[in-house]
Amino acid sequence: MANKKAKNNTGWKILFFSLCAAVLIMAVFLITEWGLERRAHFIRYTAFGTDIPVNYPIHGIDVSRYQDIIDWESVRDMKVENVQIGFAFIKATEGLNNEDSYFDRNWKKIKDAGLPRGAYHYFLATKSGKAQAENFIHSVELLPGDLPPVLDIEQTYGVPPTLVRQRVRDWLVTVEQYYHTLPIIYTYVDFYNQYLKAEFDGYPLWIAHYLQKERPSIYRDWAFWQHSEAGRVNGIDTRVDFDVFCGDSAAFRQLLIN
């Protein structure tokens, strides 16, 4: 009987110390995140640190875990002359199983700040397009007012172009059927011209082309232009990609999920 009682006491002690350890770990995590967010809150820039293309009224950024903790209210409130951040694309997933480590936090905090948000998937041409689409779908809940889902395709990884196109098509079709909206393709000019071209001209395009003053050099229409990878904005401790939307506020609202 004594041995049984001693075993019971040992069990309670283990449980108690396990709970204490869990509480301590959670406290450390919360304090660390609070400290990082406070640091981001006090980062201030007098200008955006990059040339801003003229004649585009709606400006935005795109981010991933590389931007670390972001103070989205500071991002929203920064204004230089008539330029203000009006949307952001956030990396959600990559490949078959990976989710960006800051996605959940960014996805919630940008919504709380009242900025239009979009989620993108970094595509691995070596993997199934349908399976990668399912990874994105599992991670991303799109709501009215969000931007359409984005496929980020930048490399072939040695996969034959015909197979790359098939896998890209599989991702786009699967995602469109699930969210009932046409996805956006993100890539850079040379990649689009060499590997995608007319076969995907029906999709909205977010194109990367730096050091251009007025517009990206591409033959087709585009919805978003990533014009710089070296911008600065309040609330972010690193350089960040800058984008513009090709259209006015009415066209932008029409693009959002309803």
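**Helix H5 and beyond**

Modeller: H5 has 19 residues and reaches 27 Å from its first C-alpha to its last, close to the 27 Å expected at 1.5 Å a residue. Bear in mind that this is a predicted model.

Biologist: Which residues of H5 are buried?

Modeller: The buried residues of H5 are Val-164, Arg-165, Arg-167, Val-168, Trp-171, Leu-172, Thr-174, Val-175 and Tyr-179. An α-helix has 3.6 residues a turn, so residues three or four places apart point the same way.

Biologist: What covers the buried residues of H5?

Modeller: The cover includes strands E5 (117–122), E6 (150–152) and E7, along with helices H4 (129–139) and H6 (189–196).

Biologist: Take Val-168. Why does Val-168 count as buried?

Modeller: Because its relative accessibility is 0%, and buried means under 20%.

Biologist: What does Val-168 touch, leaving out residues up to four places away in sequence?

Modeller: Phe-123, Leu-151, Ile-153 and Phe-200. As for Asp-152, its C-alpha is 9.8 Å from that of Val-168, and the two are 16 residues apart in sequence.

Biologist: And Arg-165, buried or exposed?

Modeller: Arg-165 is buried, because its relative accessible area is 18% and the cut-off is under 20%. Not counting residues up to four places away in sequence, Arg-165 touches Tyr-195, Leu-196, Glu-199 and Phe-200. Phe-200 is also among the residues that Val-168 touches.

Biologist: What comes just after H5?

Modeller: His-180, with a positive phi of about 60°, although His-180 is not a glycine. His-180 is in the loop between H5 and strand E7 (184–188).

Biologist: Is His-180 buried or exposed?

Modeller: Exposed, because its relative accessibility is 69% and exposed means over 50%.

Biologist: What about the phi of Glu-81?

Modeller: Glu-81 has a positive phi of about 55° and is not a glycine. Glu-81 sits in the loop between strand E2 (79–80) and strand E3 (83–94). Its relative accessible area is 74%, so Glu-81 is exposed.

Biologist: How does E1 pair with E3 and with E10?

Modeller: E1 and E3 pair in the parallel sense over five bridges, with His-59 opposite Ile-85 in E3. With strand E10 (residues 240–245), E1 pairs in the antiparallel sense over four bridges. The bridge partner of Asp-62 in E10 is Asp-241.

Biologist: Which way do the residues of E8 point?

Modeller: Leu-205 and Ile-207 point one way from strand E8 (residues 205–208), Trp-206 and Ala-208 point the other way, and all are buried.

Biologist: Which elements give two or more residues to the lining?

Modeller: E1, E3, E5 and strand E9 (224–231).

Biologist: How do the lining residues divide into nonpolar, polar and charged?

Modeller: The lining has seven nonpolar, three polar and seven charged residues.

Biologist: Last one, the whole chain. How many helices and strands?

Modeller: Seven helices and 10 strands. The chain has 258 residues, and buried residues make up 46% of them. Among contacts between residues at least 6 apart in sequence, 67% join residues at least 24 apart.

Definitions and conventions: Residues are numbered from 1 along each chain as its sequence is written. This is a predicted model: local features need pLDDT of at least 70, side-chain atom pairs count only at pLDDT 80 or more; totals for chains, interfaces and linings use all residues. Side-chain values use heavy atoms; hydrogens and water are left out. Buried means under 20% relative accessible area, exposed over 50%, partly exposed in between (1.4 Å probe, protein chains only). Contact means heavy atoms within 4.5 Å. The expected span of a helix is 1.5 Å times one less than its number of residues. Two strands pair if DSSP finds at least two bridges between them. Ala, Val, Leu, Ile, Met, Phe, Trp, Tyr, Cys and Pro count as nonpolar, Asp, Glu, Lys and Arg as charged, and the others, Gly among them, as polar.
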